[in-house]
Amino acid sequence: MKVSLSESTWDKSSADIVALAIPSGKDKFGRALGRIEAVTGKGSIKPLASDERFSGKASQNLKVAAAGKAKSRWLLLVGIGDEKDEAKIGWALGHALASAARAQKSAALELPNVTAEAVRAASQGLLAGAYRYTEYKSDKTAKATLSSAVILGAPKGKRGLTAAVREGKALAESVNFARDLVNRPPNDLTPVTLARAAATESRKLGLSCRVWNKARIQKEGMNLLLAVNKGSAIEPRVIHVVYKPARSKKKVVFVGKGLTFDAGGLCIKPAGSMVDMKCDMAGAATTLGIVFAAARLKLPIEVHAVVGSTENMTGAKAYRPGDVYKSLEGKTVEVINTDAEGRLVLADVLIWAARKLKPDYMIDHATLTGACMVALGPWRAALYTDDDKLAAKYLDAAAGEGESFWRMPLDSDLRSTLKSSIADLKHMGGRYGGSIIAALFLKEFIGETPWMHLDIAGPAFTDRPKGRLPKGGTGFGVATGVRFLEGLG
Ligand code: BES
Ligand code: MN
Ligand code: ZN
(Lines give C-alpha, C1' and ligand atoms only; values in the text may rest on other atoms or scores of the structure.)
(Ligands and ions follow the chains in the order given, each with its own letter.)
Protein backbone atom coordinates (compact mmCIF):
# COMPACT_ATOMS: atom_id res chain seq x y z
CA MET A 1 0.00 0.00 0.00
CA LYS A 2 1.15 3.50 -0.81
CA VAL A 3 0.87 5.84 2.18
CA SER A 4 1.39 9.55 1.58
CA LEU A 5 1.07 12.86 3.39
CA SER A 6 -1.09 15.82 2.42
CA GLU A 7 -1.66 19.33 3.73
CA SER A 8 -5.33 19.10 2.85
CA THR A 9 -8.12 18.79 5.44
CA TRP A 10 -10.87 16.17 5.65
CA ASP A 11 -13.62 18.41 4.30
CA LYS A 12 -11.55 19.16 1.20
CA SER A 13 -10.34 15.62 0.64
CA SER A 14 -11.79 13.89 -2.40
CA ALA A 15 -10.76 10.42 -1.22
CA ASP A 16 -13.55 7.84 -1.46
CA ILE A 17 -13.53 7.43 2.30
CA VAL A 18 -12.16 9.59 5.10
CA ALA A 19 -11.58 8.41 8.66
CA LEU A 20 -12.03 10.79 11.61
CA ALA A 21 -11.29 10.19 15.29
CA ILE A 22 -14.31 10.54 17.57
CA PRO A 23 -13.80 10.61 21.35
CA SER A 24 -16.46 9.40 23.79
CA GLY A 25 -17.93 11.43 26.66
CA LYS A 26 -20.96 13.66 26.33
CA ASP A 27 -19.25 16.98 25.61
CA LYS A 28 -16.34 15.78 23.51
CA PHE A 29 -18.50 13.40 21.52
CA GLY A 30 -21.11 16.05 20.82
CA ARG A 31 -18.51 18.60 19.82
CA ALA A 32 -16.75 16.17 17.49
CA LEU A 33 -19.99 15.35 15.69
CA GLY A 34 -20.97 19.02 15.65
CA ARG A 35 -17.74 19.86 13.87
CA ILE A 36 -18.57 17.34 11.15
CA GLU A 37 -22.20 18.43 10.86
CA ALA A 38 -20.96 21.98 10.27
CA VAL A 39 -19.84 20.60 6.91
CA THR A 40 -22.31 17.83 6.19
CA GLY A 41 -25.37 19.68 7.48
CA LYS A 42 -27.16 19.83 10.81
CA GLY A 43 -28.86 16.56 11.70
CA SER A 44 -26.91 14.57 9.13
CA ILE A 45 -24.86 12.56 11.64
CA LYS A 46 -26.18 12.77 15.20
CA PRO A 47 -29.51 10.94 14.69
CA LEU A 48 -27.74 8.13 12.83
CA ALA A 49 -25.08 7.86 15.52
CA SER A 50 -27.77 7.66 18.15
CA ASP A 51 -29.75 5.05 16.17
CA GLU A 52 -26.64 2.93 15.69
CA ARG A 53 -25.64 3.40 19.34
CA PHE A 54 -22.32 4.86 18.24
CA SER A 55 -20.91 6.79 21.18
CA GLY A 56 -17.24 7.11 20.29
CA LYS A 57 -16.18 4.20 22.47
CA ALA A 58 -12.91 2.58 21.46
CA SER A 59 -13.32 -0.08 18.75
CA GLN A 60 -16.75 1.32 17.68
CA ASN A 61 -16.94 2.49 14.07
CA LEU A 62 -19.68 4.22 12.10
CA LYS A 63 -19.64 4.51 8.33
CA VAL A 64 -21.68 7.45 7.08
CA ALA A 65 -22.61 8.36 3.51
CA ALA A 66 -21.47 11.94 2.98
CA ALA A 67 -22.93 12.08 -0.51
CA GLY A 68 -22.84 15.55 -1.92
CA LYS A 69 -22.16 17.24 1.43
CA ALA A 70 -18.45 16.61 1.79
CA LYS A 71 -16.07 15.99 -1.09
CA SER A 72 -15.55 12.36 -0.11
CA ARG A 73 -18.27 9.74 -0.60
CA TRP A 74 -17.95 8.16 2.84
CA LEU A 75 -16.93 9.20 6.32
CA LEU A 76 -15.67 6.60 8.76
CA LEU A 77 -16.11 7.74 12.33
CA VAL A 78 -13.64 5.84 14.47
CA GLY A 79 -14.34 5.68 18.20
CA ILE A 80 -11.25 6.34 20.31
CA GLY A 81 -12.87 6.51 23.76
CA ASP A 82 -10.78 8.68 26.07
CA GLU A 83 -7.49 7.56 24.54
CA LYS A 84 -4.87 10.32 24.70
CA ASP A 85 -1.82 8.49 23.41
CA GLU A 86 -1.22 9.90 19.92
CA ALA A 87 0.32 6.67 18.68
CA LYS A 88 -2.65 4.59 19.89
CA ILE A 89 -5.08 6.97 18.16
CA GLY A 90 -3.03 6.94 14.96
CA TRP A 91 -2.90 3.17 14.91
CA ALA A 92 -6.64 2.85 15.56
CA LEU A 93 -7.50 5.24 12.72
CA GLY A 94 -5.20 3.57 10.24
CA HIS A 95 -6.33 0.09 11.20
CA ALA A 96 -10.06 0.89 11.11
CA LEU A 97 -9.74 2.68 7.77
CA ALA A 98 -7.84 -0.11 6.03
CA SER A 99 -10.19 -2.75 7.46
CA ALA A 100 -13.30 -0.85 6.31
CA ALA A 101 -12.05 0.37 2.93
CA ARG A 102 -11.50 -2.83 0.99
CA ALA A 103 -13.82 -1.87 -1.85
CA GLN A 104 -12.65 1.75 -2.04
CA LYS A 105 -9.90 3.00 -4.29
CA SER A 106 -8.67 5.94 -2.25
CA ALA A 107 -8.78 6.67 1.46
CA ALA A 108 -7.64 9.37 3.84
CA LEU A 109 -7.47 9.93 7.58
CA GLU A 110 -7.31 12.93 9.87
CA LEU A 111 -5.17 12.73 13.00
CA PRO A 112 -6.10 14.91 16.00
CA ASN A 113 -2.38 15.73 16.32
CA VAL A 114 -0.06 15.33 13.37
CA THR A 115 3.13 14.29 15.16
CA ALA A 116 5.80 11.88 13.98
CA GLU A 117 4.65 9.28 16.54
CA ALA A 118 1.04 9.54 15.36
CA VAL A 119 1.97 9.40 11.67
CA ARG A 120 4.20 6.39 12.18
CA ALA A 121 1.46 4.56 14.06
CA ALA A 122 -1.17 5.48 11.46
CA SER A 123 1.00 4.15 8.68
CA GLN A 124 1.66 1.01 10.74
CA GLY A 125 -2.07 0.60 11.44
CA LEU A 126 -3.01 1.06 7.78
CA LEU A 127 -0.78 -1.77 6.64
CA ALA A 128 -1.74 -3.99 9.56
CA GLY A 129 -5.44 -3.40 8.89
CA ALA A 130 -5.10 -4.16 5.19
CA TYR A 131 -3.57 -7.55 5.96
CA ARG A 132 -5.29 -10.69 4.63
CA TYR A 133 -3.84 -14.11 3.94
CA THR A 134 -5.14 -14.90 0.46
CA GLU A 135 -2.42 -17.13 -0.98
CA TYR A 136 -4.80 -20.08 -1.29
CA LYS A 137 -7.97 -18.20 -2.29
CA SER A 138 -8.96 -18.69 -5.92
CA ASP A 139 -11.51 -15.88 -5.71
CA LYS A 140 -9.74 -12.70 -6.79
CA THR A 141 -12.23 -10.43 -4.98
CA ALA A 142 -11.09 -11.94 -1.68
CA LYS A 143 -7.74 -10.33 -2.38
CA ALA A 144 -9.11 -6.79 -2.75
CA THR A 145 -7.38 -4.37 -0.44
CA LEU A 146 -6.79 -0.67 -0.19
CA SER A 147 -3.94 0.31 -2.49
CA SER A 148 -3.25 3.84 -1.29
CA ALA A 149 -4.03 6.08 1.67
CA VAL A 150 -3.36 9.70 2.59
CA ILE A 151 -2.62 11.14 6.02
CA LEU A 152 -4.19 14.61 6.11
CA GLY A 153 -3.17 17.81 7.82
CA ALA A 154 0.56 17.25 7.44
CA PRO A 155 2.33 20.61 6.90
CA LYS A 156 4.76 20.40 3.99
CA GLY A 157 8.32 19.99 5.12
CA LYS A 158 7.42 19.31 8.76
CA ARG A 159 10.41 17.43 10.06
CA GLY A 160 10.33 13.71 10.46
CA LEU A 161 6.89 13.00 9.00
CA THR A 162 8.05 11.36 5.79
CA ALA A 163 10.46 9.23 7.77
CA ALA A 164 7.64 8.34 10.15
CA VAL A 165 5.51 7.04 7.27
CA ARG A 166 8.42 4.91 6.12
CA GLU A 167 9.08 3.57 9.62
CA GLY A 168 5.49 2.59 10.24
CA LYS A 169 5.47 0.79 6.93
CA ALA A 170 8.75 -1.00 7.59
CA LEU A 171 7.46 -2.23 10.91
CA ALA A 172 4.09 -3.37 9.57
CA GLU A 173 5.68 -5.14 6.61
CA SER A 174 7.78 -7.14 9.04
CA VAL A 175 4.73 -7.99 11.16
CA ASN A 176 2.85 -9.04 8.03
CA PHE A 177 5.81 -11.15 6.91
CA ALA A 178 5.59 -13.02 10.23
CA ARG A 179 1.80 -13.41 9.81
CA ASP A 180 2.24 -14.86 6.33
CA LEU A 181 4.70 -17.45 7.60
CA VAL A 182 2.37 -18.54 10.41
CA ASN A 183 -0.64 -18.70 8.10
CA ARG A 184 1.06 -20.79 5.43
CA PRO A 185 -0.25 -24.37 5.63
CA PRO A 186 2.18 -26.90 7.09
CA ASN A 187 2.47 -28.92 3.88
CA ASP A 188 3.77 -25.74 2.24
CA LEU A 189 5.78 -24.26 5.10
CA THR A 190 8.25 -26.92 6.25
CA PRO A 191 11.64 -26.42 7.92
CA VAL A 192 13.13 -26.47 4.42
CA THR A 193 10.80 -23.83 2.94
CA LEU A 194 10.92 -21.75 6.12
CA ALA A 195 14.68 -21.53 5.67
CA ARG A 196 14.15 -20.60 2.02
CA ALA A 197 11.72 -17.83 2.95
CA ALA A 198 14.22 -16.46 5.48
CA ALA A 199 17.02 -16.60 2.91
CA THR A 200 14.94 -14.86 0.22
CA GLU A 201 13.93 -12.02 2.52
CA SER A 202 17.51 -11.72 3.82
CA ARG A 203 18.79 -11.39 0.28
CA LYS A 204 16.27 -8.62 -0.45
CA LEU A 205 17.49 -6.70 2.60
CA GLY A 206 21.18 -7.46 2.11
CA LEU A 207 21.50 -9.56 5.27
CA SER A 208 23.55 -12.66 5.86
CA CYS A 209 21.48 -15.84 6.26
CA ARG A 210 23.15 -19.10 7.13
CA VAL A 211 21.14 -22.32 6.96
CA TRP A 212 22.27 -25.63 8.45
CA ASN A 213 20.98 -28.90 7.05
CA LYS A 214 20.67 -32.12 9.05
CA ALA A 215 24.26 -33.24 8.45
CA ARG A 216 25.57 -29.91 9.73
CA ILE A 217 23.26 -29.97 12.74
CA GLN A 218 24.57 -33.46 13.54
CA LYS A 219 28.12 -32.20 13.28
CA GLU A 220 27.33 -29.39 15.72
CA GLY A 221 25.85 -31.91 18.17
CA MET A 222 22.33 -30.53 18.56
CA ASN A 223 21.04 -33.90 19.66
CA LEU A 224 17.90 -32.63 21.36
CA LEU A 225 16.74 -30.89 18.18
CA LEU A 226 17.64 -34.02 16.21
CA ALA A 227 15.68 -36.23 18.63
CA VAL A 228 12.51 -34.22 17.98
CA ASN A 229 13.13 -34.46 14.24
CA LYS A 230 13.45 -38.28 14.21
CA GLY A 231 9.74 -38.94 13.63
CA SER A 232 9.54 -36.56 10.67
CA ALA A 233 10.14 -37.33 7.00
CA ILE A 234 11.44 -33.80 6.48
CA GLU A 235 14.92 -32.60 7.44
CA PRO A 236 15.38 -30.07 10.25
CA ARG A 237 16.99 -26.70 9.72
CA VAL A 238 18.82 -24.16 11.85
CA ILE A 239 18.49 -20.67 10.42
CA HIS A 240 20.74 -17.79 11.40
CA VAL A 241 20.05 -14.28 10.07
CA VAL A 242 22.37 -11.40 10.98
CA TYR A 243 21.81 -7.67 10.77
CA LYS A 244 25.05 -5.88 11.56
CA PRO A 245 25.14 -2.08 11.22
CA ALA A 246 28.44 -0.28 10.75
CA ARG A 247 28.32 0.99 14.31
CA SER A 248 26.29 -0.79 16.94
CA LYS A 249 25.67 -0.08 20.59
CA LYS A 250 24.50 -3.54 21.65
CA LYS A 251 24.19 -7.08 20.36
CA VAL A 252 20.82 -8.76 20.81
CA VAL A 253 20.11 -12.34 19.81
CA PHE A 254 16.53 -13.49 19.25
CA VAL A 255 15.91 -17.23 19.29
CA GLY A 256 12.73 -18.74 17.87
CA LYS A 257 10.87 -22.03 18.17
CA GLY A 258 10.23 -23.17 14.61
CA LEU A 259 8.01 -26.25 14.82
CA THR A 260 6.33 -26.12 11.42
CA PHE A 261 3.90 -28.72 12.70
CA ASP A 262 3.48 -30.22 16.16
CA ALA A 263 1.51 -33.47 16.09
CA GLY A 264 2.83 -34.22 19.57
CA GLY A 265 5.02 -37.10 18.39
CA LEU A 266 4.25 -40.53 19.86
CA CYS A 267 2.44 -38.76 22.73
CA ILE A 268 0.10 -37.67 19.99
CA LYS A 269 -2.27 -34.74 20.41
CA PRO A 270 -6.04 -35.21 20.16
CA ALA A 271 -7.41 -33.96 16.81
CA GLY A 272 -8.90 -30.81 18.30
CA SER A 273 -5.56 -29.69 19.74
CA MET A 274 -3.63 -30.55 16.58
CA VAL A 275 -5.65 -28.63 14.04
CA ASP A 276 -3.90 -25.27 14.45
CA MET A 277 -0.45 -26.67 15.18
CA LYS A 278 1.02 -25.08 12.06
CA CYS A 279 1.24 -22.07 14.40
CA ASP A 280 4.02 -23.74 16.38
CA MET A 281 6.63 -21.89 14.34
CA ALA A 282 5.26 -18.49 15.37
CA GLY A 283 8.27 -17.86 17.61
CA ALA A 284 10.50 -18.33 14.57
CA ALA A 285 8.29 -15.99 12.53
CA THR A 286 8.44 -13.30 15.22
CA THR A 287 12.18 -13.66 15.55
CA LEU A 288 12.66 -13.27 11.80
CA GLY A 289 10.19 -10.38 11.68
CA ILE A 290 12.23 -8.53 14.30
CA VAL A 291 15.57 -8.88 12.55
CA PHE A 292 14.07 -7.85 9.20
CA ALA A 293 12.42 -4.81 10.80
CA ALA A 294 15.71 -3.84 12.48
CA ALA A 295 17.35 -3.93 9.05
CA ARG A 296 14.57 -1.94 7.36
CA LEU A 297 14.75 0.67 10.12
CA LYS A 298 18.57 0.66 10.10
CA LEU A 299 18.69 0.47 13.90
CA PRO A 300 22.11 1.00 15.52
CA ILE A 301 21.94 -2.43 17.17
CA GLU A 302 23.41 -5.72 16.00
CA VAL A 303 20.51 -8.16 15.79
CA HIS A 304 20.63 -11.91 15.25
CA ALA A 305 17.73 -14.29 14.64
CA VAL A 306 18.46 -17.93 15.33
CA VAL A 307 15.72 -20.43 14.59
CA GLY A 308 15.56 -24.15 15.33
CA SER A 309 13.08 -25.76 12.95
CA THR A 310 11.59 -29.23 12.62
CA GLU A 311 8.28 -31.03 12.66
CA ASN A 312 7.22 -33.18 15.63
CA MET A 313 5.74 -36.30 14.05
CA THR A 314 5.09 -39.98 14.73
CA GLY A 315 7.24 -41.73 12.09
CA ALA A 316 8.74 -45.16 12.79
CA LYS A 317 11.99 -43.57 13.93
CA ALA A 318 10.24 -41.13 16.28
CA TYR A 319 11.82 -40.40 19.65
CA ARG A 320 10.16 -42.09 22.61
CA PRO A 321 9.22 -41.34 26.18
CA GLY A 322 12.11 -42.80 28.20
CA ASP A 323 14.79 -41.98 25.61
CA VAL A 324 17.85 -40.10 26.88
CA TYR A 325 19.80 -37.65 24.70
CA LYS A 326 22.91 -35.60 25.32
CA SER A 327 22.35 -31.91 24.68
CA LEU A 328 24.82 -29.58 22.97
CA GLU A 329 25.37 -28.04 26.39
CA GLY A 330 26.55 -31.41 27.72
CA LYS A 331 23.70 -32.27 30.07
CA THR A 332 21.78 -35.49 29.41
CA VAL A 333 18.02 -35.20 29.16
CA GLU A 334 15.38 -37.87 29.79
CA VAL A 335 12.35 -37.53 27.53
CA ILE A 336 9.03 -37.89 29.35
CA ASN A 337 6.33 -36.61 27.00
CA THR A 338 7.25 -36.23 23.33
CA ASP A 339 4.76 -33.36 23.05
CA ALA A 340 7.02 -31.17 25.21
CA GLU A 341 9.33 -30.87 22.18
CA GLY A 342 9.77 -27.11 21.95
CA ARG A 343 12.02 -26.81 24.99
CA LEU A 344 14.30 -29.52 23.57
CA VAL A 345 14.73 -27.68 20.28
CA LEU A 346 15.27 -24.36 22.06
CA ALA A 347 17.76 -25.77 24.57
CA ASP A 348 20.28 -26.70 21.87
CA VAL A 349 19.81 -23.47 19.94
CA LEU A 350 20.01 -21.29 23.07
CA ILE A 351 23.29 -22.75 24.27
CA TRP A 352 24.77 -22.52 20.78
CA ALA A 353 23.75 -18.85 20.49
CA ALA A 354 24.93 -18.00 24.00
CA ARG A 355 28.35 -19.55 23.46
CA LYS A 356 29.02 -18.52 19.87
CA LEU A 357 27.41 -15.09 19.72
CA LYS A 358 27.95 -13.85 23.31
CA PRO A 359 25.10 -11.33 23.12
CA ASP A 360 24.27 -8.54 25.54
CA TYR A 361 20.74 -9.96 25.60
CA MET A 362 19.31 -13.25 24.41
CA ILE A 363 15.54 -13.31 23.99
CA ASP A 364 13.51 -16.31 22.86
CA HIS A 365 9.98 -16.39 21.48
CA ALA A 366 8.12 -19.72 21.58
CA THR A 367 4.61 -21.13 21.45
CA LEU A 368 5.83 -23.28 24.28
CA THR A 369 3.00 -24.37 26.57
CA GLY A 370 -0.76 -24.71 26.71
CA ALA A 371 -0.30 -24.10 30.44
CA CYS A 372 0.64 -20.51 29.62
CA MET A 373 -2.80 -19.99 28.11
CA VAL A 374 -4.41 -21.62 31.14
CA ALA A 375 -2.56 -19.11 33.33
CA LEU A 376 -2.91 -15.90 31.31
CA GLY A 377 -5.74 -16.45 28.82
CA PRO A 378 -5.44 -16.61 25.05
CA TRP A 379 -4.31 -13.04 24.29
CA ARG A 380 -1.41 -12.50 26.65
CA ALA A 381 2.17 -13.75 26.55
CA ALA A 382 4.31 -14.77 29.52
CA LEU A 383 7.63 -13.03 30.15
CA TYR A 384 10.37 -14.76 32.14
CA THR A 385 13.71 -13.30 33.16
CA ASP A 386 15.83 -12.79 36.26
CA ASP A 387 16.82 -9.34 34.98
CA ASP A 388 14.40 -6.78 36.49
CA LYS A 389 15.60 -3.93 34.29
CA LEU A 390 15.23 -5.96 31.13
CA ALA A 391 11.72 -7.01 32.16
CA ALA A 392 10.72 -3.40 32.88
CA LYS A 393 12.09 -2.18 29.54
CA TYR A 394 10.33 -4.91 27.64
CA LEU A 395 6.98 -4.40 29.37
CA ASP A 396 7.29 -0.70 28.62
CA ALA A 397 7.90 -1.36 24.94
CA ALA A 398 4.92 -3.75 24.89
CA ALA A 399 2.60 -1.16 26.44
CA GLY A 400 3.66 1.32 23.75
CA GLU A 401 2.74 -1.16 21.02
CA GLY A 402 -0.50 -2.35 22.60
CA GLU A 403 0.76 -5.93 22.99
CA SER A 404 0.02 -7.81 26.23
CA PHE A 405 2.73 -9.52 28.24
CA TRP A 406 2.81 -10.50 31.90
CA ARG A 407 5.90 -11.16 33.96
CA MET A 408 5.92 -14.61 35.51
CA PRO A 409 8.21 -16.00 38.23
CA LEU A 410 11.18 -18.25 37.48
CA ASP A 411 10.25 -20.02 40.69
CA SER A 412 13.30 -22.06 41.67
CA ASP A 413 11.22 -24.19 44.06
CA LEU A 414 9.85 -25.96 40.99
CA ARG A 415 13.34 -26.84 39.72
CA SER A 416 13.31 -30.09 41.74
CA THR A 417 10.46 -31.42 39.59
CA LEU A 418 12.96 -31.71 36.71
CA LYS A 419 15.11 -34.27 38.57
CA SER A 420 15.59 -37.52 36.69
CA SER A 421 16.61 -40.84 38.19
CA ILE A 422 18.76 -41.85 35.23
CA ALA A 423 19.84 -38.63 33.45
CA ASP A 424 21.00 -35.14 34.46
CA LEU A 425 17.44 -33.90 34.14
CA LYS A 426 14.00 -34.65 32.71
CA HIS A 427 12.45 -32.20 30.29
CA MET A 428 9.21 -31.80 32.24
CA GLY A 429 7.93 -31.81 35.77
CA GLY A 430 4.58 -32.17 37.48
CA ARG A 431 1.11 -31.03 36.51
CA TYR A 432 1.19 -27.59 38.10
CA GLY A 433 3.11 -24.55 36.85
CA GLY A 434 3.71 -26.03 33.40
CA SER A 435 4.73 -22.76 31.76
CA ILE A 436 7.13 -21.94 34.61
CA ILE A 437 8.69 -25.41 34.54
CA ALA A 438 9.29 -25.11 30.79
CA ALA A 439 11.06 -21.78 31.43
CA LEU A 440 13.14 -23.35 34.22
CA PHE A 441 14.17 -26.13 31.84
CA LEU A 442 15.40 -23.54 29.31
CA LYS A 443 17.27 -21.71 32.06
CA GLU A 444 19.47 -24.81 32.44
CA PHE A 445 20.86 -24.12 28.98
CA ILE A 446 21.73 -20.45 28.84
CA GLY A 447 24.95 -20.27 30.82
CA GLU A 448 25.67 -16.76 32.13
CA THR A 449 23.98 -14.92 29.25
CA PRO A 450 21.36 -12.28 30.19
CA TRP A 451 18.25 -14.01 28.94
CA MET A 452 14.52 -13.60 28.62
CA HIS A 453 11.93 -16.19 27.58
CA LEU A 454 8.60 -15.19 26.04
CA ASP A 455 5.90 -17.85 25.89
CA ILE A 456 3.60 -16.63 23.10
CA ALA A 457 1.42 -19.77 22.83
CA GLY A 458 -1.76 -17.72 23.26
CA PRO A 459 -1.47 -14.51 21.23
CA ALA A 460 0.57 -15.96 18.33
CA PHE A 461 -2.56 -17.38 16.74
CA THR A 462 -6.22 -16.50 17.25
CA ASP A 463 -9.49 -17.97 16.02
CA ARG A 464 -11.15 -14.54 15.82
CA PRO A 465 -9.81 -10.99 15.63
CA LYS A 466 -9.17 -9.29 18.96
CA GLY A 467 -7.74 -5.78 19.39
CA ARG A 468 -4.47 -5.67 17.49
CA LEU A 469 -4.59 -9.39 16.77
CA PRO A 470 -6.08 -10.43 13.40
CA LYS A 471 -7.59 -13.87 12.90
CA GLY A 472 -4.97 -16.58 12.33
CA GLY A 473 -1.27 -15.75 12.57
CA THR A 474 -0.87 -12.43 14.38
CA GLY A 475 2.80 -11.53 14.14
CA PHE A 476 2.60 -10.95 17.89
CA GLY A 477 5.83 -9.76 19.46
CA VAL A 478 7.46 -8.20 16.41
CA ALA A 479 6.38 -4.63 17.22
CA THR A 480 7.36 -4.93 20.89
CA GLY A 481 10.73 -6.45 20.04
CA VAL A 482 11.49 -3.63 17.62
CA ARG A 483 10.42 -0.91 20.05
CA PHE A 484 12.64 -2.52 22.69
CA LEU A 485 15.59 -2.41 20.28
CA GLU A 486 14.86 1.23 19.45
CA GLY A 487 15.03 1.98 23.17
CA LEU A 488 18.55 0.52 23.31
CA GLY A 489 19.83 2.68 20.44
N1 BES B 1 3.17 -26.34 20.87
C2 BES B 1 2.64 -26.80 22.10
C3 BES B 1 2.08 -25.68 22.98
C4 BES B 1 0.89 -24.94 22.42
C5 BES B 1 -0.39 -25.28 22.83
C6 BES B 1 1.06 -23.88 21.56
C7 BES B 1 -1.47 -24.59 22.33
C8 BES B 1 -0.04 -23.19 21.06
C9 BES B 1 -1.30 -23.54 21.46
C10 BES B 1 3.74 -27.50 22.90
O11 BES B 1 4.70 -28.13 22.15
C12 BES B 1 3.08 -28.55 23.73
O13 BES B 1 2.53 -29.45 23.18
N14 BES B 1 3.16 -28.40 25.05
C15 BES B 1 2.59 -29.33 25.94
C16 BES B 1 3.58 -29.58 27.03
C17 BES B 1 3.22 -30.69 27.96
C18 BES B 1 3.26 -32.01 27.24
C19 BES B 1 4.19 -30.68 29.11
C20 BES B 1 1.31 -28.72 26.48
O21 BES B 1 1.27 -27.53 26.71
O22 BES B 1 0.34 -29.46 26.63
MN1 MN C 1 4.15 -30.10 21.61
ZN1 ZN D 1 5.02 -27.44 20.27
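The following legends describe several close-up views of one predicted protein model with its ligand.

Residues are numbered from 1 along each chain as its sequence is written, and chains are lettered from A and ligands numbered from 1 in the order in which they are written. In this predicted model, local features need pLDDT of at least 70 and side-chain atom pairs count only at pLDDT 80 or more, while totals for chains, interfaces and linings use all residues; side-chain values use heavy atoms, with hydrogens and water left out.

**Figure 1. The residues around ligand 1.** The shell of ligand 1 holds 17 residues, where a residue is counted as near if one of its heavy atoms lies within 4 Å of the molecule. The closest are Lys 269, Asp 280, Asp 339, Glu 341 and Gly 370. By class, six residues of the shell are nonpolar, four are polar and seven are charged. In this classification Ala, Val, Leu, Ile, Met, Phe, Trp, Tyr, Cys and Pro count as nonpolar, Asp, Glu, Lys and Arg as charged, and the others, Gly among them, as polar. Strand S9 (251–262) and helix H12 (370–376) each contribute at least two residues to the shell. Helices (H or I, at least four residues) and strands (E, at least two) are DSSP runs, numbered from the N terminus.

**Figure 2. Polar contacts and cover of ligand 1.** A polar contact is a pair of N or O atoms within 3.5 Å; within protein, one must be able to donate a hydrogen and the other to accept it, and residues adjacent in sequence count only if both atoms are side-chain atoms. The side chain of Asp 262 has an N or O atom 2.9 Å from an oxygen atom of ligand 1. Glu 341 also places a polar side-chain atom 2.9 Å from an oxygen atom of the ligand. At Thr 367, a polar backbone atom is 3.4 Å from a nitrogen atom of ligand 1. On its own, ligand 1 has 520 Å² of accessible area, of which the protein covers 78%. Such areas come from the Shrake-Rupley method with a 1.4 Å probe; for residues, only the protein chains shown count as cover.

**Figure 3. Helix H14 within the structure.** Helix H14 spans residues 434–443, and nine of its ten residues are buried, so the helix is largely enclosed by the rest of the structure. Buried means under 20% relative accessible area, exposed means over 50%, and partly exposed lies in between (1.4 Å probe, protein chains only). The buried residues of H14 are Gly 434, Ser 435, Ile 436, Ile 437, Ala 438, Ala 439, Leu 440, Phe 441 and Leu 442. An α-helix has 3.6 residues a turn, so residues three or four places apart point the same way.

Figure 4. Ser 59 is found in the loop between helix H2 (46–51) and strand S3 (61–65). With a relative accessible area of 73%, Ser 59 is exposed. Lys 298 belongs to the loop between helix H10 (282–296) and strand S10 (302–312). Lys 298 is exposed, with a relative accessible area of 67%.

**Figure 5. A pair of histidines at strand S10.** His 304 is located in strand S10. At 5% relative accessibility, His 304 counts as buried. Its side chain makes a polar contact of 2.9 Å with the side chain of His 240.

**Figure 6. Residues Val 478 and Gly 289 in space.** Val 478 is found in helix H15 (residues 478–488). This residue has 0% relative accessibility and counts as buried. Val 478 and Gly 289 are 189 residues apart in sequence, and their C-alpha atoms are 5.9 Å apart.

**Figure 7. Thr 190 in a loop between two helices.** The loop that holds Thr 190 lies between helix H5 (161–183) and helix H6 (191–205). Thr 190 is buried, with a relative accessible area of 9%. From its C-alpha atom to that of Glu 235, 45 residues apart along the chain, the separation is 8.8 Å.
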